[in-house]
Amino acid sequence: MQAYLRKTRKKDKKAYLFLSNKCSKKELSVKEVLIICSKYKLKIVEKNKLINELKNNQFIDHLRYANAFVHDRFNLYFWGKNKIRHHLILKGIEDYHIAPAIEGIDNEKYKNIVKQEALKKYKSLGNKNDFNSKQKILKYLSLKGFEADLSFEVVDLLMD
């Protein structure tokens, strides 16, 4: 880190110090760092050097980012695996980092969350046992990112 700071320009040093401080407080992906870098008006080569230096000093770590993202979105917002995967791809995280992070979700807890979310939607509909209610619950679970087969299984148990 010291060697990088010694041989870079003032603008690059300022960007590195700002981003290293930001990355130490919050997990950021490379894509997010590039967006933040745009305000420093760095050249592409300088941006790449900056990102490589941040990776070398472990300020940016996509596996750590994926694990934190999965944990937060599942435990706090009750997102399903499909929605989590989609948002990680949008953040620029590679699939080989996404897969192990998603596999870290406990299956029993996952099924319980699907049941809990389906029950919440079922209660909001007024306990109707008709086709439209079933469709609304399935749509809700789909928007939350839960798999179709698991959603059908849970809704069938709930509606019977």
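Lys-144 is buried, with a relative accessible area of 14%. Here, buried means under 20% relative accessible area, exposed means over 50%, and partly exposed is in between (1.4 Å probe, protein chains only). This is a predicted model, in which local features need pLDDT of at least 70 and side-chain atom pairs count only at pLDDT 80 or more, while totals for chains, interfaces and linings use all residues. Residues are numbered from 1 along each chain as its sequence is written, and side-chain values use heavy atoms, with hydrogens and water left out.

What does the side chain of Lys-144 meet in a salt bridge? The partner is Glu-117, at 3.7 Å from N to O. A salt bridge is a side-chain nitrogen of Lys or Arg within 4 Å of a carboxyl oxygen of Asp or Glu. This pair links distant parts of the chain: Lys-144 sits in the loop between helix 9 and helix 10, Glu-117 in helix 8 (residues 107–124), and 27 residues separate them. Helices (H or I, at least four residues) and strands (E, at least two) are DSSP runs, numbered from the N terminus. Glu-117 also counts as buried, because its relative accessibility is 1%.

By the same rule, the count comes to 6 salt bridges. One of them joins Arg-64 to Glu-27, with the closest N and O atoms 2.7 Å apart. Again, distant parts of the chain are linked: Arg-64 belongs to helix 5 (residues 62–75), Glu-27 to the loop between helix 2 and helix 3 (30–37), and the two are 37 residues apart. Arg-64 counts as partly exposed, because its relative accessibility is 31%. Glu-27 is partly exposed too, at 23%.

Another salt bridge brings together the side chains of Asp-156 and Lys-134, at 2.8 Å from N to O. Asp-156 is in helix 10 and Lys-134 in helix 9, so this pair, 22 residues apart, links distant parts of the chain as well. Salt bridges that share partners also join Glu-117, Lys-120 and Lys-144 into one network.

Is Gly-145 buried or exposed? Gly-145 counts as buried, because its relative accessibility is 4%.

Leaving out residues up to four places away in sequence, Gly-145 touches Gly-80, Lys-81, Asn-82, Lys-83 and Tyr-110. Contact means heavy atoms within 4.5 Å. Gly-145 and His-86 are 59 residues apart in sequence, and their C-alpha atoms are 8.9 Å apart in space.

## Two helix residues

Ser-133 is found in helix 9. Ser-133 is buried, with a relative accessible area of 4%. Apart from neighbours within four places in sequence, Ser-133 is in contact with Leu-125, Lys-128 and Met-159.

Leu-119 belongs to helix 8. Leu-119 counts as partly exposed, at 35% relative accessibility. From Leu-119 to Leu-76 there are 43 residues in sequence and 18 Å in space, C-alpha to C-alpha.

## A positive patch

Which residues gather in a patch of positive charge on the surface? They are Lys-10, Lys-14, Lys-22, Lys-25, Lys-26 and Lys-39. Patches are made of residues with over 30% relative accessible area and no salt bridge, with like charges joined within 9 Å and nonpolar side chains (Val, Leu, Ile, Met, Phe, Trp, Tyr) within 5 Å.

Lys-10, one of these residues, lies in helix 2 (residues 10–25). Lys-10 is exposed, with a relative accessible area of 75%.

## Two loop residues with positive phi

Most residues other than glycine have a negative phi. Lys-41 is not a glycine, yet has a positive phi of about 55°. Lys-41 lies in the loop between helix 3 and helix 4 (44–56). Lys-41 is exposed, with a relative accessible area of 69%.

Phe-78 is also not a glycine, and has a positive phi of about 60°. The loop between helix 5 and helix 6 (81–90) holds Phe-78. Phe-78 counts as partly exposed, because its relative accessibility is 25%.

Methods. Accessible areas come from the Shrake-Rupley method with a 1.4 Å probe; for residues, only the protein chains shown count as cover. Lys and Arg count as positive and Asp and Glu as negative; His and the chain ends are not counted. The place of a charge is taken as NZ of Lys, CZ of Arg, CG of Asp or CD of Glu.
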